[in-house]
Amino acid sequence: MFRLEARPEPSRLMSVLSPVFAVAITLLVGVALFSILGKDPLDGLFVFFVEPVKTAYGLSELAVKATPLVLIALGLAVCFRSNIWNIGAEGQFILGAIFGGGVAIHATETSNKLVVVLILLAGMLGGMVWAGVVAVLRDRFHTSEILVSLMLVYVADMLLSYLVYGPWKDPNGYNFPQSITFASTTQIPKLIAGYRTDIGVLVALALVGVFWVFVFRTYAGFQLQVGGLAPAAARYAGFSARRAMWTALLVSGGMAGLAGALEVAGPLGQLTPYVPAGYGFAAIIVAFVGRLHPVGIVLSATLMSMFYIGGELAQSRLGLPKSVTGVFQGLLLFALLACDTLVTYRVRFTRTRAARAGAPLVGAEAVKSEGGTG
Amino acid sequence: MTSRLTLKGITKRYPAVIANDGVSLEVAPGEIHAVLGENGAGKSTLMKVIYGAVRPDEGEILWNGQPVSVRNPHEARALGIAMVFQHFSLFDTLTAAENVWLGLDTSTTLAAVTQRIRAVAGEYGLDVDPLRPVHSLSVGERQRVEIVRALLTKPQLLILDEPTSVLTPQAVQKLFDTLRTLAAAGCSILYISHKLDEIRALCHKCTVLRGGRVTGEVDPRTETNASLSRRMIGAEPARLERHQPTLGDVALKVTGLRLPRLDQFGVTLEDIDLDVRAGEVVGIAGVSGNGQPELMAAISGEDTRAPAGSIALFGADIAAASPGVRRRAGLHFVPEERLGRGAVPTLSLAQNTLLTRTASIGRLGLLRLSAVVQLAAYLIRKYRVKAKGPDAAAKSLSGGNLQKFIMGRELDANPRLLVVSQPTWGVDVGAAADIRGEILRLRDEGAAILVVSEELDELFEITDRLVVMARGRMSPGVNTSLATVEQVGIWMSGLWPGAGPPPVAAPTIEHAEHADV
């Protein structure tokens, strides 16, 4: 048997390196997985880690997928740092898409170009409304934000389905469950002609800076973190736990909503039941692998984006199921949790009962007094 | 006669410090042996070595003349070594007997355990009712449950870690009687403490530790407080200078404060009246768990349920104000829990200044980091905090040093009313004297000060006026220079003039403490 024993002082270096180890372990298991499935592991790794960055097109796709992950994970990092467990970013993402899409549907080819700004603001509002529901319920009725936020994902999914199967269905869409294709004026401006990457990337990078300043350089960010690290200290200092809860949920909801709006007005261009692509859940992993640090999040989002693209490529090139992506995401999270555990704890193997019975007794007294207590 | 326990050259090194450096010690059968030292002198490590919780790097342990290696507490108990820890490990919802039963093997019945508790309790004059649930017991009674639990193993050596810090003066006398009876019956006792009077009154021999080394083995009955203190800290603590208070306006006025308890084990505050005036130090004495934390939370603003008009700060009603509002009005508070409440364990000292000090916050709520770091560095220097620097995590400091830092953080803010809970808990003698000196200096500058402490000596040393809390009620004030330890001790049981009979419905917190007064 073994047991975990807290290390007196966890190594700081190791806690920074932990995500690196987690990636390495994920790769090793990946190699084993490819071998078991009868594929050349080198081919597999090539598809996942070289193919996506080989061409300009690949890099552009990488950015397209990394952008929503970065945006959502930034908000979640603030949430998790304040010890608020919003795991329903997926639902807030969908609401952002619905609100943003709702504005985009009404735009025409002659609309002002600034309608894009309106779409993004509407998206943020949508995400905030959805996260606000979680906040109200927790504030008023002390519900668990974990359960409520998660369950609202499915409500959001149903709401989207209702809209695209019902009132927002494209009348000329051959009865497909989808909205009209948005007017070209609603298109998020592309970064480079011919590629799908749009200015969402720049928005995300700018927000990385904003969040870094917020978390590490503002009093409000400090207050949120104290609330997460030591609630009694926050109470002592007079930092409002209610305000922290509202801020964290609204910020993360707004970011997820923004990502949703960028997605529908960018790469998708219309509302379909397939808007939710799991970014909201993947972003939880991104946030933790990125150590809840804005810069770390950019790196981990890039990695996660590779998994997405690699999964699609593995499907076409190697004939592997697309769920390989999910397997890799899960592996990475597990490996990270294991590494983090080992950074703070060490494993001690304890002797079995038989071995202990065989060990010499401490003295004749032992038998006597133990008999006495028995 | 072979000695019961002999330690030879025990050395225990930790990455940063040598906790024990060649410590030798000898305890005879039936001897009450004091281990005296400041916090961090290595007392706890040494006891853990004896109790098998820590393996020494070097040295030898002889038990009744035989070399032994104690690998874990289980083996220590098998040898006949029992320990009563400073923090009790009892389940509140179980009875005393059930708690004791839990630690024994399964073959004994509860009835048999109850019987044996009665027998042992009778033999040593330990007043324990095995059938009462632990949450209704006073701290003194809980300690007696722990001692009975230890005695049931028929120990030859009983280790007590700072046993009197939670007791009324009367309960301390009672404990001493028990320990003397035990010793007379042949049980050796290791008595860990930093209270000089108690050691001189109780112990036959005293080993003094300083910085992990033995600085003397003396007969405490022939020593003075000053000579023991010199061995313990290398110097005598500076005498505090006291001036007559010059009273100013009423800073804090609590009127008829009633506050229902928040949970089952909390204390309901009943009709608390309290005035603190500028220029005076008011002390709140009392055994822990009699409503002091609840009152502190209501005064600090961490609990804002107080009815309107019941708490006034310089004439303004603050009953519902947040801690931040109160702080801006000049009320600074030092809580008894340093880690997790007075400071965030994982954040740096610099960041921890931001909990109560807001001078470094610039426009748009942006932090001026250099100012934050400068403030922390200044506090470390001014209050002689032992820390690696402003970037050191709060949890990396010893309890005493963190307390100095937190006290410094609040003192340096020049509060008009300073409220301090347990100002010198776990702080070494030298630092405690510094902290008390700072409190008096602040008073002389005209600030109002309210101190809650479980150490009566401390309250008698620094306060001008004393009140006592018992069962959520507050006694009338008494001028400290006119008060006696005995009188305050009786008040700590809730028996002050006009206190009225104890409520019948609620379990009495202190019911047995005054039995032998």
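Leaving out neighbours within four places in sequence, B:D161 is in contact with B:M47, B:V84, B:F85, B:Q86 and B:I192, where two residues are in contact if their C-beta atoms, placed from the backbone, lie within 7 Å. This is a predicted model, in which local features need pLDDT of at least 70 and side-chain atom pairs count only at pLDDT 80 or more, while totals for chains, interfaces and linings use all residues. Residues are numbered from 1 along each chain as its sequence is written, and chains are lettered from A and ligands numbered from 1 in the order in which they are written.

B:D161 belongs to strand β7 (residues 157-161) of chain B; helices (H or I, at least four residues) and strands (E, at least two) are DSSP runs, numbered from the N terminus. Because B:D161 has 19 C-beta neighbours inside 10 Å, it counts as partly exposed, given that a residue is buried if 20 or more other C-beta atoms lie within 10 Å of its own, exposed if 12 or fewer, and partly exposed in between. From B:D161 to B:G291, 130 residues apart in sequence, the C-alpha to C-alpha distance is 25 Å.

In helix α3 (residues 96-102) of chain B one finds B:A97, which is buried, with 24 other C-beta atoms within 10 Å. Apart from neighbours within four places in sequence, B:A97 is in contact with B:L110, B:V113, B:T114, B:I117, B:P130 and B:L131.

In chain A, the axes of helix α1 (residues 12-36) and helix α2 (residues 41-54) come within 8 Å and cross at roughly 125°, the axes being lines fitted to C-alpha atoms, for helices over the stretch in contact, with angles from 0 to 180 degrees between N-to-C directions. That angle makes α1(A) oblique to α2(A), since angles under 35 degrees count as roughly parallel, over 145 as roughly antiparallel, 65 to 115 as roughly perpendicular and the rest as oblique. On the α1(A) side A:G30, A:V31, A:F34 and A:S35 meet A:P41, A:G44 and A:L45 of α2(A).

Between the chains, the contact takes 37 residues from chain B and 23 residues from chain A. On the side of chain B that touches chain A, β5 (66-68), α2 (73-79) and α10 (323-328) of chain B each supply at least two residues.
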